[in-house]
Amino acid sequence: MSEDVRLVAWVRGRVQGVGFRWFTRARALEIGGLSGFALNLADGRVQVVAEGPREACEELLKWLQGGDTPGLVNGVTEIWDTTRGGYDGFAIR
C-alpha cells in the first residue's frame, strides 16, 4: 500500500500562455488518484500542488521535469509534505 503525500512544485520557464495548466490537469487525471491544482504565479512560474499516492505524485513530477510539456520548462523546484486535503479533484486556478 502506498502512502499518500503532498507534492508542491514550482515550474520555471515559458510555462504561461501555452496551456501548461490545462495539460498538467489532464496529465494528473490520466495518472489518477491525484487531487490539487495548477496555478499561474505573478512571477511567470506555475505552481502545482498534488496530493495522492507517492508513486502518482512522482510520476507527475517526472512529467513536469520532462520534455513532453507545453512551452519550455527551465527547471522545477519541489517540496514534499504530508497531505492537507480539502481538494475536490484537480483544478486549474
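Helices here are DSSP runs of H or I with at least four residues, strands are runs of E with at least two, and both are numbered from the N terminus. With that in hand, start at the end of a helix. α1 is followed by Gly32, whose phi is positive, near 85°.

A word on the model. It is predicted, so residues are numbered from 1 along each chain as its sequence is written, local features need pLDDT of at least 70, and side-chain atom pairs count only at pLDDT 80 or more. Totals for chains, interfaces and linings use all residues, and side-chain values use heavy atoms, with hydrogens and water left out.

Now α1 itself. Which residues of α1 are buried? They are Phe20, Thr24, Arg27, Ala28 and Ile31. Buried means under 20% relative accessible area, exposed over 50%, and partly exposed in between, with a 1.4 Å probe and protein chains only. Down the axis of α1, the buried residues fall within an arc of 100°, so they line one face of the helix. That arc is taken from the directions from the helix axis to the C-beta atoms. Why do such faces form? An α-helix has 3.6 residues a turn, so residues three or four places apart point the same way. On the face of α1 turned away from the buried side sit the exposed residues Trp22 and Glu30.

Next, α2, residues 54-65. Buried here are Ala56, Cys57, Leu60, Leu61, Trp63 and Leu64. Contact means heavy atoms within 4.5 Å.

How do the two helices meet? α1 and α2 pack at an angle of about 145°, with axes 10 Å apart. Axes are lines fitted to C-alpha atoms, for helices over the stretch in contact, and angles run from 0 to 180 degrees between N-to-C directions. From α1, the residues involved include Phe23 and Ala28; from α2, they include Glu59 and Trp63.

Last stop, Arg45. Its place is in the loop between β2 and β3. Arg45 is partly exposed, at a relative accessible area of 28%. Beyond its neighbours within four places in sequence, Arg45 is in contact with residues including Trp10, Val15 and Leu39.
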